[in-house]
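Work through the exercises below with the sequence and the model open. Each task is followed by a solution in steps.

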Amino acid sequence: MVARKNIVRNVVTSTALAGMMFASPVVSEAALGDQTLSYGEKHGDVVELQDVLSAKGYFNYDESTGYFGPITQGAVKQFQKDHGLSVDGIAGPNTFSAIQNVNNGQAQRTLVQGDRGHSVSALQEKLGGYYNYSVDGIYGPITAQAVRAFQADNGLSVDGIAGKNTWSVLNGGAAPAKTTNKEAVKTTTSNSNSTSAKQSNSESKSSQQSGKEISVEATAYTAFCTGCSGVTATGIDLRANPNQKVIAVDPDVIPLGSKVHVEGYGTAIAGDTGGAIQGNRIDLFMPERQDALDFGRKTLTVTVLD
């Protein structure tokens, strides 16, 4: 991935700093999956593996180097862990099969304006005639408008966000069925009861969300690095506000914009996203790069305040 996101995240493990300075990869003619890939290898198949893992949010280096170093090994291990495979860091038949199954299942991550990288390039290519510009891997206003146009033409919610339903239709799937008025309308009495029930359920969910505790795996990142813009997915300028406590979240787990309390970090805003931040994982913003590196990877409790 040439440019990961508007904020280039620093991988916060000691191994993440090793193996980054290698020469350009040697091109291989073999197709991805034709051979097992493991630590220390350097050729074109590794580039393809890194590209695939990058598109799925696992390989978080600035570019695909073609070298199977500690970052690539860590990405493979995380993918294996997330998909119920033996975690050995070796990309063998079972790992490639799982990658293919994920592709067939259209399990691309949600993309929003401000994202960058291979996954955005793939989105721009999938949009076809809706996106009549060069494929640059930057999810800017033009890409967002193309997504909205596609969503409008295909019966999807028009929000400019490439979520699972949008990806599904882009990849040939059917748009999710919508509840019609006829299906929703009941008799006056039952409709009134239904409305009351919905209001009660809504209030219940709201109260459940407030104060909800979630155990998460936490890492840290910084906006003060070469090539970082410092602007989050929700538009927070972290360089201009270095004391702002912000975490990157999976919006399906913790809604963007939520106020949360993070164990040992304090009260923060769920104001950012990231390719590798999926499920019960968060990334804590820290203004100092060394602090982010020192933080490492921890299991913390997050309390959703509102």
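**Exercise 1.** Leaving aside neighbours within four places in sequence, which residues is Val135 in contact with?

Solution. The model is predicted: local features need pLDDT of at least 70, side-chain atom pairs count only at pLDDT 80 or more, and totals for chains, interfaces and linings use all residues. Residues are numbered from 1 along each chain as its sequence is written, and side-chain values use heavy atoms, with hydrogens and water left out.

- Step 1: locate the residue. Val135 sits in the loop between helix 4 (118–126) and helix 5 (141–153); helices (H or I, at least four residues) and strands (E, at least two) are DSSP runs, numbered from the N terminus.
- Step 2: apply the contact criterion, heavy atoms within 4.5 Å. With neighbours within four places set aside, Val135 contacts Ser121, Gln124 and Glu125.
- Step 3: check one pair. Val135 and Ser121 are 14 residues apart in sequence, and their C-alpha atoms are 5.7 Å apart.
- Step 4: classify the exposure. Buried means under 20% relative accessible area, exposed over 50%, and partly exposed in between (1.4 Å probe, protein chains only). Val135 has a relative accessible area of 40%, so Val135 is partly exposed.

**Exercise 2.** Describe how helix 1 and helix 2 pack.

Solution.

- Step 1: take the geometry. Helix 1 covers residues 44–55 and helix 2 covers residues 70–82; their axes are 11 Å apart, at an angle of about 50 degrees. Axes are lines fitted to C-alpha atoms, for helices over the stretch in contact, and angles run from 0 to 180 degrees between N-to-C directions.
- Step 2: name the orientation. Angles under 35 degrees count as roughly parallel, over 145 as roughly antiparallel, 65 to 115 as roughly perpendicular and the rest as oblique. Helix 1 and helix 2 are therefore oblique to each other.
- Step 3: list the residues that meet. Helix 1 contributes Leu49, Gln50 and Leu53, and helix 2 contributes Thr72, Ala75, Val76 and Phe79.
- Step 4: sort them by class. The contact of helix 1 with helix 2 has five nonpolar, two polar and no charged residues. Ala, Val, Leu, Ile, Met, Phe, Trp, Tyr, Cys and Pro count as nonpolar, Asp, Glu, Lys and Arg as charged, and the others, Gly among them, as polar.

**Exercise 3.** Is Gln78 buried or exposed?

Solution.

- Step 1: Gln78 belongs to helix 2.
- Step 2: its relative accessible area is 15%, so Gln78 is buried.
- Step 3: not counting residues up to four places away in sequence, Gln78 touches Tyr58 and Arg281.

**Exercise 4.** Where does Met286 lie, and which residues is Met286 in contact with beyond its neighbours within four places in sequence?

Solution.

- Step 1: Met286 is in the loop between strand 5 (281–285) and helix 9 (289–295).
- Step 2: the relative accessibility of Met286 is 13%, so Met286 counts as buried.
- Step 3: apart from neighbours within four places, Met286 is in contact with Ala220, Tyr221, Thr222, Asp291, Ala292 and Phe295.
- Step 4: for Met286 and Ala220, the separation is 66 residues in sequence and 6.7 Å from C-alpha to C-alpha.

**Exercise 5.** What share of the 306 residues in the chain do buried residues make up?

Solution.

- Step 1: the chain has nine helices and six strands.
- Step 2: buried residues make up 41% of the 306 residues.
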